[in-house]
Amino acid sequence: MTPAGIDPRGPRFGAALTAVLLVGVLLLGTSAAATALLAVVAASFALGVAFGVGGTWQGWLFRRFVRPRLAPPTELEDPRPPRFAQLVGLVVTGVGLLLGALGVAVAVPVAAAFALVAAFLNAVFGLCLGCELYLLGVRLRARA
């Protein structure tokens with residue numbers, strides 16, 4: 001059974017906000033402020049894993065301020081691929097935070113850069129890399 005669909009513009013809006021935060025991490029370099037900001041991004045991804053993309057602060061902003069000003073979506077999207085994409089983002093940013101805590105300061109901006117590429121592609125082009133990984137996994141399981 002497929003869960004109820006979501007407005008595909010919501011995850012794109014969230015990705016745009018995430019991209020802005022990740023640019024901030026890169027601008028802050030290897031400082032403690034960069035690590036703190038990456039922790040905020042990782043916490044956002046954790047919310048997305050736990051509650052779906054609508055359960056994040058970005059999802060709340062979309063529902064509260066953006067969605068009421070838009071026409072209804074022409075189609076809805078399965079929420080499972082974007083939720084998996086949140087998990088991928090959590091793993092990438094979490095590894096950066098863990099390595100940063102272990103003294104590999106450059107891991108914070110490197111993790112932010114990888115996450116930024118994915119967020120940028122989603123926000124600007126609607127290409128969700130984590131979603132594509134999810135669909136690849138579904139196809140591989142179906143073949144097995």
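The model described here is predicted, so local features need pLDDT of at least 70 and side-chain atom pairs count only at pLDDT 80 or more, while totals for chains, interfaces and linings use all residues. Residues are numbered from 1 along each chain as its sequence is written, and side-chain values use heavy atoms, with hydrogens and water left out.

Leu38 also belongs to the largest nonpolar core, which has 15 residues; Leu22, Val25, Leu38, Val108 and Ala112 touch the most other members. Such a core is a set of buried Ala, Val, Leu, Ile, Met, Phe, Trp, Tyr and Cys residues joined through side-chain atoms within 4.5 Å. Here buried means under 20% relative accessible area, exposed means over 50%, and partly exposed is in between (1.4 Å probe, protein chains only). Two or more core residues come from each of H1, helix H2 (32-51) and helix H5 (107-125), and H5 gives the largest share, 6 residues. Helices are DSSP runs of H or I with at least four residues, numbered from the N terminus.

How do the helices around Leu38 meet? The axes of H2 and H5 come within 10 Å and cross at roughly 40°, which makes H2 oblique to H5. These axes are lines fitted to C-alpha atoms, for helices over the stretch in contact, and angles run from 0 to 180 degrees between N-to-C directions. Angles under 35 degrees count as roughly parallel, over 145 as roughly antiparallel, 65 to 115 as roughly perpendicular and the rest as oblique. At this meeting, Ala34, Thr35 and Leu38 in H2 touch Val108, Ala111 and Ala112 in H5.

With H4, H2 packs at an angle of about 150°, the axes being 8 Å apart, and that makes H2 roughly antiparallel to H4. Residues of H2 in this contact include Leu38, Ala42, Phe45 and Val49, and those of H4 include Leu87, Leu90, Thr93 and Leu97. H2 passes H5 in a left-handed crossing, and the crossing of H2 past H4 is left-handed too. A crossing is left-handed if the near helix is turned anticlockwise from the far one by less than a right angle, and right-handed if clockwise.

Rings of Phe, Tyr and Trp (its six-membered ring) pair if their centres lie within 6.5 Å; planes under 30 degrees apart count as stacked, over 60 as edge-to-face and the rest as tilted. One of these pairs joins Phe13 and Phe62, whose ring centres are 5.9 Å apart with planes at 45°, so the pair is tilted. Phe13 lies in helix H1 and Phe62 in helix H3 (residues 57-66), so the pair ties together parts that are 49 residues apart in sequence. Phe84 and Tyr134 form a tilted pair as well, at 5.9 Å centre to centre and 50° between the planes. Because Phe84 lies in helix H4 (residues 80-101) and Tyr134 in helix H6 (residues 129-143), this pair ties together parts that are 50 residues apart in sequence. Phe84 is partly exposed at 30% relative accessibility, whereas Tyr134 is buried at 18%.

Phe13, in helix H1 (residues 9-28), is partly exposed with a relative accessible area of 24%, while Phe62 is buried at 6%. Not counting residues up to four places away in sequence, Phe13 touches Gln58, Leu61, Phe62 and Val66. Phe13 and Ala123 are 110 residues apart in sequence and 6.4 Å apart in space, C-alpha to C-alpha. For Phe62, the contacts beyond four places in sequence are Asp7, Arg9, Gly10, Phe13, Arg67, Pro68 and Leu70. Among them, Gly10 is 52 residues from Phe62 in sequence and 6.0 Å away in space, C-alpha to C-alpha.

Gln58, also touched by Phe13, lies in helix H3 and is buried, with a relative accessible area of 5%. Beyond four places in sequence, Gln58 touches Phe13, Gly14, Leu17, Thr18 and Ser44.

Terms used:
Contact means heavy atoms within 4.5 Å.
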